[in-house]
Amino acid sequence: MISVYGHKVLSGLRKKANVSLVCSLWVLVLFLPHEGAAQLSASSLAIKKLFIVHSYEAGHLCGQPQHDGAIAGLARSGWIVDENLVVRTYYMDTKRTNNRPALIQQQAMLAMQEIEQYQPDVVLTLDDNAFKTIALSPRMKNRIFVFSGMNAQPEEYNLRLNFMVSREKPGGRITGVYEKLYFFEAVRVMSIMHGYNKILVLEDLSPTGKAISRQVDLELSLPGDQSERNVVGEVARKKVHSWEEFQEIIAEVNDDPEIGAIYLGTLLLHDSAGETYAAEEIIDYYISHSKKPAIALNYAFIKQGLYGGATVDFFAMGKLAGEKVARILSGVEAGVLPIEDAPRVALVFNLQRAESLGLEIPSDILMAADEVFRK
């Protein structure tokens, strides 16, 4: 079956080439595998420009895997950086440095200025801060956007700017990948593995923290098999208002025999002096001071040292977003591409952390794991 991309290549050639050349190309494309057809199409088009906006700083645990996944997704579809694709990246650094509303907006203005100068074919935003301050700005009303790592509900953003008819068919100039956390699955896996009857969810007051809290609300309210619900047991929740309070909670949990594990949803905290503690510092402190395993929000946090379990694969999420960008660059309208959930939940563990906690991972689960880190 000939691809959409093959049709586009042939349509252009018919206007310029004789019939014999067209027939030869038909034979070539018909016998190419799907990937080869996509690459033929992409390489035959003019060089395109992509602008990637990170809410994060360079090299961030959440941002970099999505970025790498997006570039891999583009390459898989035939769009190769420095061959037929030029990429420019802007780091807003809103998690560590520019994490106050005025500073976030200032970064958005600078990013939009660069976008206007660069004139990209598509803008890819990573995380909510980049999406809500740039993609939803009236200044960007004529730009095409793909998002990855959106934590808040797309429907909530749609109330600010009507950019979609539905997730299945947005119908406008914006599409992307929603960062579904698979919270219930993550808690269920941990409960089954170790027989925990109570898990504590820690949440912060940042925009991302509030979005995570909303996701937990939604998953806990969904109907489901009661036997599976019983496996999970009690899910307790606590909002963390400061770095000092976080430290106190960790000490209290250590002494609480009822709490088996923590779902670590705290990604941004401030201390009484105004110092910022981002995900890296929070995770490092947790590893050094907690005696309980933590269910990590994503793959990268387990790599840094959290215990693990069922978690979001950030690379796979970015890859799906990159594939959407590729289709748009090849002529598909953004509005016909569905807004999809993060495509898969990965089973990942950190063996060093398991050993330090004295936890044994069942062999069948370990063998089924997508990846196991040893440091």
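Tutor: Begin with one face of helix H5: turned away from its buried side, this face carries the exposed residues Ala102 and Gln117. Buried means under 20% relative accessible area, exposed over 50%, partly exposed in between (1.4 Å probe, protein chains only). Helices (H or I, at least four residues) and strands (E, at least two) are DSSP runs, numbered from the N terminus.

Student: What should I know about the model itself?

Tutor: This is a predicted model: local features need pLDDT of at least 70, side-chain atom pairs count only at pLDDT 80 or more, and totals for chains, interfaces and linings use all residues. Residues are numbered from 1 along each chain as its sequence is written, and side-chain values use heavy atoms, with hydrogens and water left out.

Student: Which residues of H5 are buried?

Tutor: Ile104, Gln107, Ala108, Ala111, Met112, Ile115 and Tyr118. They cover an arc of only 140° around the axis, so they sit on the same side of H5. The arc is taken from the directions from the helix axis to the C-beta atoms.

Student: What covers them?

Tutor: The cover includes strands S1 (48-54), S2 (85-91) and S3 (122-126), plus helix H6 (128-135). Contact here means heavy atoms within 4.5 Å.

Student: What comes just after H5?

Tutor: Gln119, with a positive phi of about 55°.

Student: And how do I read strand S12?

Tutor: Check burial. In S12 (residues 308-312), 5 of the 5 residues are buried, so the strand is largely enclosed by the rest of the structure. Then check pairing, which takes at least two DSSP bridges between two strands. S12 runs antiparallel to strand S14 (residues 345-350), joined by 5 bridges. Thr311 has Ala346 of S14 as its bridge partner.
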